[in-house]
Amino acid sequence: MNKLSLATVVASAALVMAVPAHSAEKEFTTKVAIDAWFPDGKVGSKEGAVRDNDVDASQAFSIAFEHPYPILPNVKVRYTPVKAERFEYDQIDYTGYYKLLETDGLQFDVGLTLTQFANGEFNKGGSVSTDPAQPANQSFSETAINMYADASMHIPNTNFHIFGQYDFGSSSDTRTMDGQAGVKYILPVDAVDVEFKLGYRVMDHEFGYFEGFDSDQANVMVDGWFGGLSFDF
């Protein structure tokens with residue numbers, strides 16, 4: 001893994017070491033979610049990037065476990081496969097987070113995410129660049145540390161909430177960002193809360209892993225609308 005920038009480490013540590021808020025409800029919960037995502041992809045330098053409707057990233061899955069112990073972080077794992085003509089990878093996010101604020105109207109979580117890029121390929125078939133000095137079909141399997149934030153706001157007198165989630169990290173030659181925002185409708189059903197989500201998700205990664213490419217030339221952006229369903233037990 002590449003050396004982390006000092007700024008990222010300091011900022012991340014400050015967030016995680018902040019005193020976590022006590023939840024009004026002391027209980028264990030499990031949340032399982034699946035999203036149907038409809039993104040486009042853009043790859044190459046920011047000036048000459050090529051945008052295509054060729055991204056096969058139709059699903060994302062996550063599971064989260066929360067508990068009543070304020071010292072220990074809650075945990076969440078999210079899996080998003082991304083496959084396109086010029087690049088592909090499986091993105092797996094392992095997140096530890098604390099609830100800094102949780103009221104009837106507002107919720108705010110912060111923490112750290114270890115992002116794993118597995119089964120990655122870049123410049124498949126030489127499609128990103130025709131320069132023979134830039135090798136084609138470069139495989140990669142890397143990790144990155146990101147700051148994590150998640151927030152939601154309840155719209156009064158409704159079951160609707162506005163939400164946003166953001167992961168960001170930077171090292172000496174790599175920058176990763178994954179964010180989403182939207183609206184969700186929460187339907188209580190006995191002991192289970194069912195959530196329906198609609199929003200927009202953006203992955204914007206500048207990879208510094210590849211021979212013959214700097215991080216600007218290896219800029220990968222995947223963005224599009226998604227709809228989701230989750231169950232909170």
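This is a predicted model: local features need pLDDT of at least 70, side-chain atom pairs count only at pLDDT 80 or more; totals for chains, interfaces and linings use all residues.

**Exercise 1.** Find out which residues of the largest nonpolar core touch the most other members, and which elements supply the core.

*Solution.* Start with the residues: this core has 20 of them, and F87, Y89, F122, F207 and V222 touch the most other members. Next, turn to the elements: two or more residues each come from β1 (29–43), β5 (87–102), β6 (106–122) and β11 (219–232). The largest share, three residues, is given by β11. Finally, zoom in on F87: leaving out residues up to four places away in sequence, F87 touches V43, V82, E121, F122, K124, V220 and V222. As background, nonpolar side chains in soluble globular proteins tend to be buried together.

**Exercise 2.** Decide whether M153 and R201 are buried, partly exposed or exposed.

*Solution.* First locate M153, which lies in strand β7 (residues 138–154). Now locate R201, in strand β10 (residues 192–206). R201 has a relative accessible area of 2%, and buried means under 20%, so R201 is buried. To finish, look at its side chain: a polar contact of 3.2 Å links R201 to the side chain of T80.

**Exercise 3.** Identify the residues that make the nonpolar surface patch of about 880 Å².

*Solution.* List the members: L101, L106, F108, M153, I155, F160, I162, V183, L198 and W225. Then assign elements: β6 and β8 (160–170) are the ones that give two or more residues to this patch.

Conventions
Residues are numbered from 1 along each chain as its sequence is written. Side-chain values use heavy atoms; hydrogens and water are left out. A nonpolar core is a set of buried Ala, Val, Leu, Ile, Met, Phe, Trp, Tyr and Cys residues joined through side-chain atoms within 4.5 Å. Buried means under 20% relative accessible area, exposed over 50%, partly exposed in between (1.4 Å probe, protein chains only). Helices (H or I, at least four residues) and strands (E, at least two) are DSSP runs, numbered from the N terminus. Contact means heavy atoms within 4.5 Å. Patches are made of residues with over 30% relative accessible area and no salt bridge: like charges are joined within 9 Å, nonpolar side chains (Val, Leu, Ile, Met, Phe, Trp, Tyr) within 5 Å. Accessible areas come from the Shrake-Rupley method with a 1.4 Å probe; for residues, only the protein chains shown count as cover. A salt bridge is a side-chain nitrogen of Lys or Arg within 4 Å of a carboxyl oxygen of Asp or Glu. A polar contact is a pair of N or O atoms within 3.5 Å; within protein, one must be able to donate a hydrogen and the other to accept it, and residues adjacent in sequence count only if both atoms are side-chain atoms.
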